[in-house]
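Take a look at the model below. The briefing then walks through a few of its features, grouped by topic.

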Amino acid sequence: MHDSTDEHLLKRILEDNDQLAHANRHSFEHAGAFAVNLMSAPGAGKTTLISKLANELRSERSIGVIEGDMVGDIDAQRLRDAGINAVQISTGRSCHLDAKMISRLIDSNKSPAGDLIIIENVGNLVCPAEFPLGEHLRIVLLSVTEGDDKPLKYPVIFRNCDAVVITKMDLAELVDFDFDRLHKAISSLNSKADLFKVSAKSGEGIEGFCSWLNDKCAMSLKAAEATAHSHSH
Ligand code: MG
Ligand code: ZN
């Protein structure tokens, strides 16, 4: 399918992206922020989870959201209506966010303020896996309605993430979701990923997931602060 020129070009695009992602990460750290890249297929419940999260952590964290969508700003508007600081990136024809888009936002001072920055990627389980944005943590959402075999169909994104969040748990029984199969699939790809089961509707698992994320954020910010101190001496 691809000839060697294509391969070469793709390699360069990915290398350029990695470099920019690295710079973005520095910018986030410089601003005292911990960044999360939230990825899933369309409709898994990323925006809904973000609004639950913002609600849950409101008293402990200042949260900024970067919303990636191909067209429009429905999700960003939805979050703003809920009192959450959200900035939209419209990717146009691109089916994923890339580091350049985030870097443009940072350079133009439009990146939202906050010590926890959630980046909602475009709904897609393929290319977001290959385009790091400068995040500290990668989280993949999978709704039970998508099926327990999804990790095996999209192995790259599940292999390279820190946590998998199973959403819409209130529907699990209805769709005969097989958790044993899912556990086997995930652990065959990624033995280190933390696994969470949540339902935005019933509230199941939301608190546990939020406190895990809050801890990750706190630990990382503390480590960054210690490094900054040791540099200043
Ligand atoms: Mg969304
Ligand atoms: Zn894409």
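Over the ring of which residue does the charged end of Lys197 sit? That ring belongs to Phe179, and the charged end of Lys197 lies 4.2 Å from its centre. Keep in mind that this is a predicted model.

**Zinc site**
- The zinc ion (ligand 2) is held by Cys95 (SG), His96 (ND1) and Cys127 (SG).
- The coordinating distances run from 2.0 to 2.2 Å.
- Along the chain, the donors of the zinc ion (ligand 2) show the spacing C-H-x30-C.
- Cys95 and Cys127 link distant parts of the chain, 32 residues apart.
- Cys95 is in the loop between β3 (85-90) and α4 (99-107).
- Cys127 is in the loop between β4 (116-120) and β5 (137-143).
- Cys95 has 31% relative accessibility, so it counts as partly exposed.
- Cys127 has a relative accessible area of 18%; buried means under 20%, so Cys127 is buried.

**Magnesium site**
- The magnesium ion (ligand 1) is coordinated by Thr47 (OG1), Asp75 (OD) and Glu120 (OE).
- Here the distances are 2.0 to 2.1 Å.
- The donors of the magnesium ion (ligand 1) follow the pattern T-x27-D-x44-E along the chain.
- Asp75 lies in helix α3 (residues 74-81) and Glu120 in strand β4, so this pair ties together parts 45 residues apart in sequence.
- Asp75 is buried, because its relative accessible area is 17%.
- Glu120 is buried too, with a relative accessible area of 2%.

**Aromatic pairs**
- The structure holds four aromatic pairs.
- One of them joins Phe196 and Phe209, with 5.3 Å centre to centre.
- Their planes are 70 degrees apart, and the pair is edge-to-face.
- Phe196 lies in strand β7 (residues 194-197) and Phe209 in helix α8 (residues 206-232), so the pair ties together parts that are 13 residues apart in sequence.
- Both Phe196 and Phe209 are buried.
- Phe196 also pairs with Trp212, at 4.9 Å centre to centre.
- This pair is tilted, with 55 degrees between the planes.
- Phe196 in strand β7 and Trp212 in helix α8 are 16 residues apart, and their pair links distant parts of the chain.
- The relative accessible area of Phe196 is 14%, so Phe196 is buried.
- For Trp212 the value is 13%, so Trp212 is buried.
- Phe196, Phe209 and Trp212 together form one aromatic cluster.

How values were computed. Residues numbered from 1 in each chain as written. Chains lettered and ligands numbered in written order. Predicted model: local features only at pLDDT ≥ 70, side-chain atom pairs only at ≥ 80, totals over all residues. Heavy atoms only, no water. Donors = N, O, S within 2.8 Å, 3.2 Å for Na, K, Ca; no water. Helix = DSSP H or I, 4+ residues; strand = E, 2+ residues; numbered from the N terminus. Buried < 20%, exposed > 50% of the residue type's maximum accessible area, 1.4 Å probe, protein only. Phe/Tyr/Trp six-rings, centres within 6.5 Å; stacked < 30°, edge-to-face > 60°. Lys NZ or Arg CZ within 6 Å of the ring centre and 35° of its normal.
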